[in-house]
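Please find below my note on the structure under review. It is set out as numbered points, each of which may be read beside the model.

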Amino acid sequence: MVFDIIISALGCIYLVNAVILKLTIHRILACCGIFFILLSIVSFCLLPSLRIIEAVCILVLLLYSLLNLIVYCSGKKASLPQVICVLGARVWGDCTVGRIFRNRLNHAFNLHHKFNEKPSIAVCGAAGPDEPVSEAKAGADYLISKGISPDKVIMEPDSFNTIESLRNLSVILPDKNLPILISTSNWGMLRASWLAKKAGLNAKISGARSTFPEYMSYCLYEILAIGYNLFINK
């Protein structure tokens, strides 16, 4: 009964977020929301044995959040990095950065000043099919407009996903063993940490804040993305 209620509530959260939040993953949220609600109804009315699946779903979400928290705490203890890396996100048609990307850039801006403006900032991301400029260019322009010195900004404009960003970064850095700090969204810290290790980088992760509905929504996406990186895009 408890599992049915939790899974049903999660399904409702995902459906509401799919409709209200302007997230690029709204289709994934809608599908998962419908699946969770149907699962809870069938489990409650017909097949209580399905509560095993519900329990697994809840445990996976809790485990992900716990591991994400561990990565967050590790990043909070990071010493002076040589480079702060900003993972790219949506750029709109007028060349302005989207909300998620802006949060990551603002977080990197704050980290830059926290470390007395010593680290360089590397901005990653190519131009998607509906983006007028590369995410790296739009992000660099945004940081420079906020007062970051242009000679402190590095652009990596050739990557289309996180693993490409980190692999390309490991190539353009003078030494990939340099300590770096990756600025990403707080819901994506675990995967960024894992992929940075795969790319051979000496990296800590720092997460930009997001709203609770956004965090819940993208945690689901990140779990699916980790499965994709594990079994498909290795």
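The points that follow go from the whole chain to single residues.

1. Basis of the note. This is a predicted model, in which local features need pLDDT of at least 70 and side-chain atom pairs count only at pLDDT 80 or more, while totals for chains, interfaces and linings use all residues. Residues are numbered from 1 along each chain as its sequence is written, and side-chain values use heavy atoms, with hydrogens and water left out.

2. Secondary structure. The protein chain holds 8 helices and 5 strands. Helices (H or I, at least four residues) and strands (E, at least two) are DSSP runs, numbered from the N terminus. In sequence order the pattern is α-α-α-β-α-β-α-β-α-β-α-β-α. The radius of gyration of the protein chain is 19 Å, close to the 17 Å that the globule rule gives for 234 residues, so the chain is as compact as a globular protein of that length. That radius is taken over C-alpha atoms, and the globule rule is 2.2 Å times the number of residues to the power 0.38.

3. Dimensions and contacts. The C-alpha trace of the protein chain spans about 65 × 35 × 30 Å along its principal axes. Contact means heavy atoms within 4.5 Å. Of the contacts between residues at least 6 apart in sequence, 69% join residues at least 24 apart.

4. Surface and burial. The protein chain has an accessible surface of about 11,900 Å², and 66% of this belongs to carbon and sulfur atoms. Accessible areas come from the Shrake-Rupley method with a 1.4 Å probe; for residues, only the protein chains shown count as cover. Buried residues make up 47% of the 234 in the protein chain. The term buried means under 20% relative accessible area, exposed means over 50%, and partly exposed lies in between (1.4 Å probe, protein chains only).

5. Charge. There are 22 positive and 15 negative side chains in the protein chain, and the centres of the two sets lie 7 Å apart. Lys and Arg count as positive and Asp and Glu as negative, whereas His and the chain ends are not counted. Each charge is placed at NZ of Lys, CZ of Arg, CG of Asp or CD of Glu.

6. Aromatic pairs. Rings of Phe, Tyr and Trp (its six-membered ring) pair if their centres lie within 6.5 Å; planes under 30 degrees apart count as stacked, over 60 as edge-to-face and the rest as tilted. The count by this rule is 4 aromatic pairs. One of them joins Phe35 and Phe36, whose ring centres are 5.8 Å apart with planes at 50°, so this pair is tilted. Phe35 is partly exposed at 44% relative accessible area, whereas Phe36 is buried at 6%. Tyr218 and Tyr221 form an edge-to-face pair, with 6.1 Å from centre to centre and 85° between the planes. These two tyrosines are 3 residues apart in helix H8 (residues 212–231), and are therefore separated by about one helical turn. Tyr218 is buried at 4%, and Tyr221 is partly exposed at 29%. Tyr14, Phe35 and Phe36 belong to one aromatic cluster.

7. Helix H5. Which residues of helix H5 are buried? In this helix (residues 135–145) they are Glu135, Ala136, Ala138, Gly139, Ala140, Tyr142 and Leu143. The buried residues of H5 pack against helix H4 (99–114), strand S2 (120–124) and strand S3 (153–156). Just after H5, Gly147 has a positive phi of about 110°.

8. The loop between H4 and S2. Most residues other than glycine have a negative phi. Asn116, which lies in this loop, has a positive phi of about 60° although it is not a glycine. Asn116 is exposed, at 60% relative accessibility. Glu117 is also found in the loop between H4 and S2, and its phi is near 60°, again a positive value in a residue other than glycine. Glu117 is partly exposed at 42%.

9. Ser8 lies in helix H1 (residues 2–20) and is partly exposed at 24% relative accessibility. Leaving aside neighbours within four places in sequence, Ser8 is in contact with Ile37 and Ser40. The C-alpha atoms of Ser8 and Ala126 are separated by 38 Å, and these residues are 118 apart along the chain. Ser193 lies in helix H7 (residues 189–198) and is buried at 13%. With neighbours within four places in sequence left aside, Ser193 is in contact with Val71 and Ile205.
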